[in-house]
Amino acid sequence: MTDRTLPARRRSFTTRAVGAQSTVWRLDGVLLVSVAALCVIGTLLVWSSTRTWAPGSTGLVKKHVLNLAIGAALCGAVAMIDHRLLRAYAPVVYLVTLVGLALVVTPLGTTVNGSHSWIMLGGGFAVQPSEFAKLGLVLMLSMLLAQPAEGTDRPRGLDMLFVVVMAAISMGLVMLQPDLGTTLVLAVIAVGGLVIAGVRKRWMILLVLTSVAGAVAVWMLDLLEPYQVARFTAFIDPSVDPRGVGYNSTQALIAIGSGQVFGKGLLDGGQTTGRFVPEQHTDFIFTVAGEEFGFLGSVTVVALLGVVLIRGLKIARQCEDRFGTLVAGTIVCWLAFQTFVNIGMTVGIMPITGLPLPFVSYGGTATFANLIAIGLLQAIRIREQAFN
C-alpha cells in the first residue's frame with residue numbers, strides 16, 4: 001500500500017459512511033431528533049421524581065440511561081436491516097413473543113403492582129414480554145395483510161380471520177396476567193392494520209359489533225379484576241373514593257394544575273418531591289412535566305410526540321411496498337393510542353390503565369420495544385430513500 005492509495009481509501013470509506021448517498025443521510029433526522037429530545041426530557045423527569053427515594057439518589061436514573069443506551073443500540077441495529085427480510089421471519093418473531101407471554105403465567109413470572117407480567121432476570125433486571133408482543137403482532141399481521149387476494153387490493157375475509165385469531169391469542173395471554181392496558185394496545189394494532197389494509201366496511205362493522213358484545217359480556221360476567229372495575233368507577237367519579245381508587249387521578253390533576261403556565265422549575269415540584277402521586281416516574285410521569293415545566297413544557301412534550309407520529313405517518317405514506325406501509329402504520333397506531341391513554345389518564349379524560357408514556361417514562365422493556373419500533377421506521381425510510 002503506497003502513501004498515495006491510503007488517503008484515497010480513507011476518503012472512499014468516509015464518503016461511503018457520511019456521503020450524500022450514505023445510510024446516515026437517508027435516516028429521518030427529524031424523527032431521530034424528536035425521539036432523542038423526548039428521551040432527554042424523560043431522563044430529567046425520572047431524576048426529579050426519584051431523587052428523594054431511589055437508592056443513591058441517582059440509582060434509577062443511571063439504570064434508565066443504561067436502558068436508553070441499549071435501546072439506542074437496538075434501534076440502530078434494526079435500522080440497518082432490510083425491513084422486507086423481516087417479512088419472512090415475522091412468524092418466528094411472533095411465536096417467540098407468544099412463548100414469552102406463556103412463560104409469564106408459569107412460576108417464572110413475577111407480580112409487580114398487581115400485574116403478573118414480568119420475568120426476573122437477576123441483578124435487578126426484569127423483562128416484560130407483553131411489550132415485545134406488540135412488535136410481534138405488528139410484524140405478523142403486516143405479513144398476513146401484505147399480500148391481498150389475486151385480482152383485488154383488499155384483504156379477504158379469511159385474511160381478516162387470521163389476523164383476528166393471531167391478535168386474540170396474544171390478547172388472551174396478556175389478559176391472563178392481567179394487563180388490560182396492553183391488551184387494548186394490541187387490539188388497536190390489529191384494528192389499525194385492518195383499516196390500513198383496506199378491509200371491507202362490512203367486515204369492520206361485524207368486528208366492531210363482536211368486540212362490543214365481547215366487552216359487554218366481560219363486564220356482565222364479572223371477568224375483570226376488582227381493581228380494574230374500581231379504576232373505571234374512579235374515572236367516572238373520582239370523588240367516590242378520593243383516598244382510595246380515586247387518589248391517583250385526584251393527585252395527578254393537582255400536580256399538573258399547580259404548574260400553571262411556566263412550571264415550578266426542575267426539582268422544585270412539591271407534589272413530586274413529596275411523592276403524592278404514585279408511580280410518578282412510570283405511568284404518571286406526565287404529571288412531573290406539568291408541575292415542574294408547566295403548561296409550556298407539557299405542550300412541548302405533546303408536540304414532540306406529535307412530530308414522531310407525523311413522521312411515522314409520512315414514512316408509511318411514502319413506502320411503496322405494502323408490508324412496509326403496514327408496519328409503519330400500525331406502529332403509529334400503537335404509539336398514538338398509548339400516548340393518548342397515558343396523557344389522558346393524567347388529565348382525567350381516560351381511566352387509569354397502567355400504560356407508560358413512550359420514550360419518556362422509566363422502564364426497560366418498554367424502552368427497548370419503543371426504540372426498536374423507531375428502528376423499524378428508520379429501516380423502511382432508508383430502503384425507500386435508496387430507491388428514490
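**Close-up views of a predicted model**

**View 1. The side chain of H83 and its surroundings.** In this predicted model, the side chains of H83 and D321 make a polar contact with each other at 2.9 Å. H83 belongs to the loop that runs between helix 4 (59-79) and helix 5 (86-104), and with a relative accessibility of 2% H83 counts as buried, because the cut-off for a buried residue is a relative accessible area under 20%.

View 2. Between strand 2 (residues 115-122) and strand 3, the antiparallel pairing extends over three bridges, and G122 is found opposite F125 of strand 3.

**View 3. The packing of helix 3 against helix 4.** The axes of helix 3 (residues 29-50) and helix 4 come within 9 Å of each other and cross at roughly 160 degrees. Because angles over 145 degrees count as roughly antiparallel, helix 3 and helix 4 are described as roughly antiparallel to each other. The crossing of helix 3 past helix 4 is right-handed. On the side of helix 3 the contact is made by C39, G42, T43, V46, W47 and T50, and on the side of helix 4 by L60, V61, H64, V65 and L68.

**View 4. The packing of helix 6 against helix 8.** Helix 6 (residues 129-145) and helix 8 (residues 180-197) pack with their axes 10 Å apart and at an angle of about 20 degrees, which makes helix 6 roughly parallel to helix 8. Helix 6 passes helix 8 in a crossing that is right-handed. Helix 6 contributes S130, A133, K134, L137, V138, L141 and L145 to the contact, while helix 8 contributes T182, V185, L186, I189, A190, G193, L194 and A197.

**View 5. The cis peptide bond between Q177 and P178.** Most peptide bonds are trans. Q177 and P178, however, are joined by a cis peptide bond, for which omega is about -10 degrees. P178 lies in the loop between helix 7 (157-175) and helix 8.

**View 6. Positive phi values at R275 and E279.** Most residues other than glycine have a negative phi. R275, a residue other than glycine, has a positive phi near 55 degrees, and E279, also not a glycine, has a positive phi near 50 degrees. R275 is placed in the loop between helix 12 (270-273) and helix 13 (285-292), and the loop between helix 12 and helix 13 is likewise the place of E279. With a relative accessible area of 48%, R275 is partly exposed, and E279, at 32% relative accessibility, also counts as partly exposed.

**View 7. The chain as the setting of these views.** The chain holds 16 helices and three strands, and 47% of its 388 residues count as buried. Of the contacts in the chain with a separation of 6 or more, 72% are accounted for by residues 24 or more positions apart.

Methods
Residues numbered from 1 in each chain as written. Predicted model: local features only at pLDDT ≥ 70, side-chain atom pairs only at ≥ 80, totals over all residues. Heavy atoms only, no water. Helix = DSSP H or I, 4+ residues; strand = E, 2+ residues; numbered from the N terminus. Buried < 20%, exposed > 50% of the residue type's maximum accessible area, 1.4 Å probe, protein only. Polar contact = N/O pair within 3.5 Å; in protein donor to acceptor, adjacent residues only side chain to side chain. Pairing = 2+ DSSP bridges. Axes fitted to C-alpha atoms, helices over the stretch in contact; angles between N-to-C directions. Parallel < 35°, antiparallel > 145°, perpendicular 65-115°, else oblique. Left-handed = near helix turned anticlockwise from the far one by under 90°. Contact = heavy atoms within 4.5 Å.
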